[in-house]
Amino acid sequence: MPVPAAVRFRASCPDCRGRFELAAGALRLAIGAGSRTAFYSFTCPECAAPVRKPAGERIIELLTGGGVRTLRLHATP
């Protein structure tokens, strides 16, 4: 299913407390081997700080459905 280019996600920065909307291309989603190792990241457009936040099941569903690039992390033996 194609994703519209106009999909935007609301986000905030814990450093500068800025609130903004980001396009799917500005976000990255990483899903680890366990349910507690999923997170999304972006660079704050207001202060340029790198931001990393945990991602629960609903966030993962919204981001992947919105076209955010996803990296699947695997546990090493």
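Predicted model: local features only at pLDDT ≥ 70, side-chain atom pairs only at ≥ 80, totals over all residues.
Local features were considered only at a pLDDT of at least 70 and side-chain atom pairs only at pLDDT 80 or more, whereas totals for chains, interfaces and linings use all residues. Residues are numbered from 1 along each chain as its sequence is written, and side-chain values use heavy atoms, with hydrogens and water left out.

The mean pLDDT (the predictor's confidence in each residue, from 0 to 100) of the protein chain is 89, and 87% of its residues reach 70 or more. Confidence is highest in strand S4 (residues 39–43), at a mean of 97, and lowest in strand S6 (residues 69–72), at 92. The chain comprises one helix and six strands, where helices (H or I, at least four residues) and strands (E, at least two) are DSSP runs numbered from the N terminus. Along the sequence these elements follow the pattern β-β-β-β-β-α-β.

Of the 77 residues, 32% count as buried; buried denotes under 20% relative accessible area, exposed over 50%, and partly exposed the range in between (1.4 Å probe, protein chains only). Contacts are defined by heavy atoms within 4.5 Å. Among contacts between residues at least 6 apart in sequence, 47% join residues at least 24 apart.

Leu-29 lies in strand S3 (residues 28–31) and is buried, with a relative accessible area of 2%. Its C-alpha atom is separated by 4.3 Å from that of Tyr-40, eleven residues apart along the chain. Beyond four places in sequence, the residues touched by Leu-29 include Phe-39, Tyr-40, Ile-60, Leu-63 and Val-68. With the same exclusion of neighbours within four places, the contacts of Phe-42 include Ala-11, Phe-20, Leu-22, Leu-27 and Val-51.

The structure holds zero disulfides, a disulfide being a pair of cysteine sulfur atoms within 2.5 Å. The sulfur of Cys-16 is 3.7 Å from the closest cysteine sulfur, in Cys-44, and is therefore too far for a bond. Cys-47 is likewise in no disulfide, and the nearest cysteine sulfur, that of Cys-44, is 3.7 Å away. Cys-16 is partly exposed, with a relative accessible area of 34%, and Cys-47 is partly exposed at 36%.
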